[in-house]
Amino acid sequence: MKTASNTATRVNSRGNSSEHPSGDERFRMLDTSLKKLRYQPDALIEVLHSAQGLFGYLNNDVLFYVAHALKLPPSRVYGVATFYHFFTLQPRGRHSCTICMGTACYVKGSGEILVAMEEKTGLKDGVTAEDGSLTLSTARCLGACGIAPAVVYDGEVAGQQSPEDALKKLQSWEAEDGQE
Ligand code: FES
């Protein structure tokens with residue numbers, strides 16, 4: 001069985017492979033953030049921010065992955081993830097939209113995407129709709145600065161987003177859910 005920790009080892013030894021051994025593209029993006037932060041244990045909070053932005057929440061696999069990559073005891077990573085209210089260890093809404101507010105994305109207009117989504121949904125950053133349909137959140141850097149502004153919709157990273165793109169995505173989710 002593949003574990004989070006042996007996946008991390010393979011990634012580090014293979015460098016910038018375009019396909020992550022886990023088959024989950026989000027781990028590759030997390031690797032980019034880790035690399036950017038030079039695998040510094042001090043960057044734990046920032047790394048957890050990126051991870052939550054990519055995965056929507058911090059499950060055990062992700063926490064172990066981060067602990068292994070930063071060479072920290074899992075108990076320390078878990079302690080930090082549970083200490084700060086902005087981290088969540090539970091899955092949230094049926095759909096998730098995470099808007100990157102890191103510098104590269106912000107200068108390219110991610111703030112306007114957030115405002116448009118907040119206005120349309122009535123949600124604020126980090127809040128899940130009462131009916132459980134959507135969780136809106138932000139991240140500091142998703143490791144995808146080259147395609148800024150980046151937004152993660154249901155775990156899929158999309159680049160060069162505009163407020164219109166985000167609202168269209170929201171509409172398509174509403175249409176999908178209405179058909180169920
Ligand atoms: S600032 Fe790096 S992905 Fe947004």
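**Exercise 1.** Classify the orientation of α3 and α5 to each other.

*Solution.* α3 and α5 are roughly perpendicular, because their axes cross at roughly 70 degrees. That class spans 65 to 115 degrees; under 35 is roughly parallel, over 145 roughly antiparallel, and the rest oblique. Axes are lines fitted to C-alpha atoms, for helices over the stretch in contact, with angles from 0 to 180 degrees between N-to-C directions. Helices are DSSP runs (H or I, at least four residues), numbered from the N terminus. Here α3 covers residues 44–55 and α5 residues 74–83, and the axes come within 11 Å.

The model is predicted: local features need pLDDT of at least 70, side-chain atom pairs count only at pLDDT 80 or more, and totals for chains, interfaces and linings use all residues. Residues are numbered from 1 along each chain as its sequence is written.

Next, handedness: α3 passes α5 in a right-handed crossing (near helix turned clockwise from the far one by less than a right angle). Leu44, Ile45 and Leu48 of α3 meet Val77, Val80 and Ala81 of α5 (C-beta atoms, placed from the backbone, within 7 Å).

**Exercise 2.** Describe how α4 packs on α5: angle, handedness and contact residues.

*Solution.* Start with the axes: those of α4 (residues 60–70) and α5 come within 9 Å and cross at roughly 125 degrees. The pair is therefore oblique. The crossing is right-handed. From α4, the contact takes Leu63, Phe64, Val66 and Ala67; from α5, Pro74, Val77, Tyr78 and Ala81.

Technical notes:
Helices (H or I, at least four residues) and strands (E, at least two) are DSSP runs, numbered from the N terminus. Two residues are in contact if their C-beta atoms, placed from the backbone, lie within 7 Å.
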